[in-house]
Amino acid sequence: MQSDAELVLIVEDNPDLNSFLVDTVLPELGYRSVLAITGAQACQIINEQHPDVILLDVELPDINGLDLVERLRLEEIKTPVIMMTAHGSEETAVRAFRLGVRDYLIKPYTADQIATAI
């Protein structure tokens, strides 16, 4: 993988989805990836590695993904965010888009859906 390839931060606590993204989908699309299991880990990675795109689960062990996006926006971090959720609702989607989320994927998603969203 080229070191100048775009870096995708995956913020997801499901090991199967992480494996699918990190080992299969993102390398095939030519992206580097870094993984965070919690919102706290994500914030640290965002500040240290400045990813190009964030794939963010709504339900994390320590914070709601939407609250994390709100926090990023308050800190004026404008990294594009793609939300992922297994428990989507119209209310959640509307809030996500109002916060500036670029796309909103319902699990289970396909490799093609990830590629299109990125």
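The model is predicted. Its largest nonpolar core has 25 residues, and a second, separate core has 15. Aspartate 57 lies in strand E3 and counts as buried.

**Helix H2**
- H2 spans residues 39-49, and its buried residues are Gly39, Ala42, Cys43, Ile45 and Ile46.
- Histidine 50 follows H2 and has a positive phi, near 50°.

**Nonpolar cores**
- Within the largest core, the residues with the most contacts are Leu9, Val11, Ile54, Leu56, Val69, Val81 and Met83.
- Two or more residues each come from E1, E2, H2, E3, H3, strand E4 (81-85) and helix H4 (90-98).
- Leaving aside residues up to four places away in sequence, valine 81 touches Ile54, Leu56, Val69, Arg73, Val101, Arg102 and Asp103.
- The second, separate core includes Val25, Leu26, Tyr31 and Ile114.

**Aspartate 57**
- Relative accessibility of aspartate 57 is 4%, and the cut-off for buried is under 20%, so this residue counts as buried.
- Its side chain makes a polar contact of 3.1 Å with the side chain of lysine 107.
- Leaving aside residues up to four places away in sequence, aspartate 57 touches Val11, Glu12, Asp13, Gly65, Met83, Met84, Thr85 and Lys107.
- Among these neighbours of aspartate 57, Val11 and Met83 are also listed with the most contacts inside the largest core.

Conventions:
Residues numbered from 1 in each chain as written. Predicted model: local features only at pLDDT ≥ 70, side-chain atom pairs only at ≥ 80, totals over all residues. Heavy atoms only, no water. Buried < 20%, exposed > 50% of the residue type's maximum accessible area, 1.4 Å probe, protein only. Helix = DSSP H or I, 4+ residues; strand = E, 2+ residues; numbered from the N terminus. Core = buried A, V, L, I, M, F, W, Y, C linked by side-chain atoms within 4.5 Å. Contact = heavy atoms within 4.5 Å. Polar contact = N/O pair within 3.5 Å; in protein donor to acceptor, adjacent residues only side chain to side chain.
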